[in-house]
Amino acid sequence: MTSTAPPAPERHGGDLSLAQVKAVGQKRLLAELAKLSASKPKGLLSVAADPKDVYIWNLVIAPNMEPYKGFFKIRLNIHPEYPFKPPKIFFDTPIYHMNVDPNTNQACLHALQADAWQPSTQMDQVLRSLFHFLSYPQPERAVQPQLSALFLKNQAGYLKAAADFTKEKASEKLA
């Protein structure tokens, strides 16, 4: 009579099981959410976890910088294996930016790519990266080549188009 042993638990982040990683990640997320809620960085108006899913955060930002003077609703989809896997940022408010995928509205920040992500990165650093991303588009990493080409050929034209788009799409008042 042969017996089969149950499969070994999946391991992540050293010797932690997937369940342990999720427990550590949830505890850390809740602490980071409390920290951000208590002392919001400049430009962050609100942050809240989805009531049904702690791995989805809803934010409202007001960059107060040209060409993005407006209010943007943003969603952070946080991987269940956070902090070992990076979150993803989606603009629920449309934005004119060469590094935002026009089909998914996902912000393509280098710091959130798997090869650049560090588990020590915290959500306040993610938000600082997001604001830097808005100020300094990266034509070499563009997901919208036509916008990158405009930026490289006519930066003033790109910035005017982004400002016009922001005025149309990013409400001047919170709804």
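In this predicted model, P67 sits in the loop that runs between β4 (53-61) and β5. What kind of peptide bond joins E66 and P67? The bond is cis, with omega at about 0 degrees.

N64 is not a glycine, yet its phi is positive, at about 50 degrees. With a relative accessible area of 56%, N64 counts as exposed, since that label calls for over 50%. N105 also has a positive phi without being a glycine, in this case about 65 degrees. N105 lies in the loop between β6 and β7. N105 is partly exposed, its relative accessible area being 28%. As background, most residues other than glycine have a negative phi.

The protein chain has 175 residues, and 39% of them count as buried. Contacts across the sequence tell another part of the story: taking those between residues at least 6 apart in sequence, 54% join residues at least 24 apart.

Next come the charged pairs. Side chains of opposite charge can pair when their charged atoms come close. How many salt bridges does the model have? The count comes to seven. One of them pairs E32 with R28, and the closest N and O atoms are 2.5 Å apart. Both residues belong to helix α1 (residues 18-38), where they are four residues apart, or about one turn of the helix. Are E32 and R28 buried or exposed? Both are buried.

Another salt bridge brings together the side chains of R75 and D92, at 3.2 Å from N to O. R75 lies in strand β5 (residues 72-77), while D92 lies in the loop between β6 (88-91) and β7 (106-107), so this pair ties together parts that are 17 residues apart in sequence. R75 is partly exposed, with a relative accessible area of 24%. D92 is partly exposed too, with a value of 40%.

A further salt bridge is found between D164 and K160, with 2.8 Å between the closest N and O atoms. These two residues are both in helix α4 (residues 155-169), four residues apart, which again is about one turn of the helix. D164 is partly exposed at 37% relative accessible area, whereas K160 counts as exposed at 52% relative accessibility. Elsewhere, salt bridges that share partners connect K35, D124 and R128 in one network.

Helix α4 also meets helix α3 (residues 145-153). The axes of α3 and α4 come within 5 Å and cross at roughly 130 degrees. That angle makes α3 oblique to α4. Which residues meet where the helices touch? From α3 there are L147, L150, F151 and K153, and from α4 there are Q155, G157 and Y158. Sorted by type, the residues of this contact are four nonpolar, two polar and one charged.

Finally, there is N99, which is found in the loop between β6 and β7. N99 has a relative accessible area of 0%, so it counts as buried. A polar atom of the N99 side chain lies 3.2 Å from the backbone oxygen of R141. What else is N99 in contact with, once its neighbours within four places in sequence are left aside? Besides R141, the list is made up of Q106, A107, C108, F133, P137, Q138, A142 and V143. N99 thus pairs a relative accessible area of 0% with contacts to residues such as Q106 and V143.

Key:
Residues are numbered from 1 along each chain as its sequence is written. This is a predicted model: local features need pLDDT of at least 70, side-chain atom pairs count only at pLDDT 80 or more; totals for chains, interfaces and linings use all residues. Side-chain values use heavy atoms; hydrogens and water are left out. A salt bridge is a side-chain nitrogen of Lys or Arg within 4 Å of a carboxyl oxygen of Asp or Glu. Buried means under 20% relative accessible area, exposed over 50%, partly exposed in between (1.4 Å probe, protein chains only). A polar contact is a pair of N or O atoms within 3.5 Å; within protein, one must be able to donate a hydrogen and the other to accept it, and residues adjacent in sequence count only if both atoms are side-chain atoms. Contact means heavy atoms within 4.5 Å. Axes are lines fitted to C-alpha atoms, for helices over the stretch in contact, and angles run from 0 to 180 degrees between N-to-C directions. Angles under 35 degrees count as roughly parallel, over 145 as roughly antiparallel, 65 to 115 as roughly perpendicular and the rest as oblique. Ala, Val, Leu, Ile, Met, Phe, Trp, Tyr, Cys and Pro count as nonpolar, Asp, Glu, Lys and Arg as charged, and the others, Gly among them, as polar.
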